[in-house]
Amino acid sequence: MKFLLMFLCFCGLSFFSYAQIENIGDYEIKVVSYRYKTTKGKLKKVTPEGMGIEDYKGNYIIFRTPDIVRVKVRRRGLTVGKAASVGTLLGLGIGGGLWSLDESGENTADLAKLTLVLTASGAVIGTAVGGVAELSNQKLTLNVNGSEEYFKKNYQRLEKYVDTTPEMQHVSN
């Protein structure tokens with residue numbers, strides 16, 4: 001019993017410790033284009049003529065203004081999927097911990113029902129928290145629709161989201 005609770009605490013600690021290494025000011029940009037596939041990545045450069053995006057594979061893609069349909073900027077972070085899965089696992093862990101307290105096995109059916117209810121309620125609460133987090137992470141949406149005039153008026157709004165971190169060079173021996 002003590003082993004199970006210590007194991008759950010250890011797993012929870014290691015699961016949530018990634019928050020210490022994430023960059024708080026990390027923005028993701030999503031560009032929907034007429035000619036190219038939808039691209040997600042980091043904004044590297046923005047001018048009145050277009051923008052440069054570095055996708056998550058390391059490719060640098062230049063979008064010209066007539067090709068751009070929509071630009072969305074959001075802060076990277078908690079999503080609905082992550083929050084729902086964490087809520088589900090947390091509910092399952094609490095239910096399993098309570099179930100392990102029944103050493104005689106007399107209340108197995110009731111504890112199974114309680115575990116199911118806790119798991120479902122954890123999933124619902126996690127989904128709600130993730131939805132609120134995703135809505136609060138939305139920073140900017142520009143509906144360009146290929147209009148050069150609109151983009152020239154509004155491209156300055158994107159300049160504060162340009163990723164200015166130095167390029168990391170990978171060296172192999």
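Predicted model: local features only at pLDDT ≥ 70, side-chain atom pairs only at ≥ 80, totals over all residues.
Select Lys160 to start: with a relative accessibility of 63%, Lys160 is exposed (exposed means over 50% relative accessible area, buried under 20%, and partly exposed in between, using a 1.4 Å probe and protein chains only). You will find Lys160 in the segment after H4.

Residues are numbered from 1 along each chain as its sequence is written, and side-chain values use heavy atoms, with hydrogens and water left out.

**The whole chain**

Zoom out and colour by secondary structure. The protein chain has four helices and six strands (helices are DSSP runs of H or I with at least four residues, strands are runs of E with at least two, and both are numbered from the N terminus). Follow the chain from the N terminus and the order reads α-β-β-β-β-β-α-α-β-α. Of its 173 residues, 28% count as buried.

**The salt bridges**

Next, show the charged side chains. How many salt bridges does the structure hold? There are seven, where a salt bridge is a side-chain nitrogen of Lys or Arg within 4 Å of a carboxyl oxygen of Asp or Glu.

Pick Asp26 and Arg76, whose side chains form a salt bridge with an N to O distance of 3.1 Å. Asp26 sits in the loop between helix H1 (2-16) and strand S1 (27-33), and Arg76 in the loop between strand S5 (68-75) and H2, so this pair ties together parts that are 50 residues apart in sequence.

Move on to Lys42 and Asp163, another salt bridge, with the closest N and O atoms 4.0 Å apart. This pair links distant parts of the chain, with Lys42 in strand S2 and Asp163 in the segment after helix H4 (148-154), 121 residues apart. Lys42 is partly exposed, with a relative accessibility of 24%, while Asp163 is buried, at 18%.

Together, Asp26, Lys42, Lys44, Glu54, Arg76 and Asp163 are linked in a network of salt bridges.

Then select Asp67 and Arg35, where a salt bridge joins the side chains at 3.8 Å, N to O. Here, too, distant parts of the chain are linked: Asp67 is in the loop between strand S4 (60-64) and S5, and Arg35 is in the loop between S1 and strand S2 (39-47), 32 residues apart.

**Inside strand S4**

Go to Phe63, which lies in strand S4. Its relative accessibility is 0%, so Phe63 counts as buried. Select Met51 as well: Phe63 and Met51 are twelve residues apart along the chain, with 5.4 Å between their C-alpha atoms.

**Helices H2 and H3**

Two packed helices are described by the angle between their axes and the distance between the axes. Show H2 and H3: their axes come within 7 Å and cross at roughly 160° (axes are lines fitted to C-alpha atoms, for helices over the stretch in contact, with angles from 0 to 180 degrees between N-to-C directions). That makes H2 roughly antiparallel to H3, a label for angles over 145 degrees. The crossing of H2 past H3 is right-handed, which means that the near helix is turned clockwise from the far one by less than a right angle.

**A nonpolar patch**

Which residues form a nonpolar patch on the surface? Select Leu90, Ile94, Leu98, Leu101 and Leu114, which together have about 430 Å² of accessible area (Shrake-Rupley method, 1.4 Å probe, with only the protein chains shown counting as cover for residues). Patch members have over 30% relative accessible area and no salt bridge, and nonpolar side chains (Val, Leu, Ile, Met, Phe, Trp, Tyr) are joined within 5 Å. Helix H2 (residues 80-100) contributes the most, with three residues. Leu101 belongs to the loop between H2 and helix H3 (108-137) and is partly exposed, at 46% relative accessible area.

**Last stop: Asn145**

Finish at Asn145, in the loop between strand S6 (138-143) and H4. Most residues other than glycine have a negative phi. The phi of Asn145 is near 55°, a positive value in a residue other than glycine. Asn145 is partly exposed, with a relative accessibility of 48%.

Conventions
Patch = residues over 30% accessible without salt bridge, like charges linked within 9 Å, V, L, I, M, F, W, Y side chains within 5 Å. Parallel < 35°, antiparallel > 145°, perpendicular 65-115°, else oblique.
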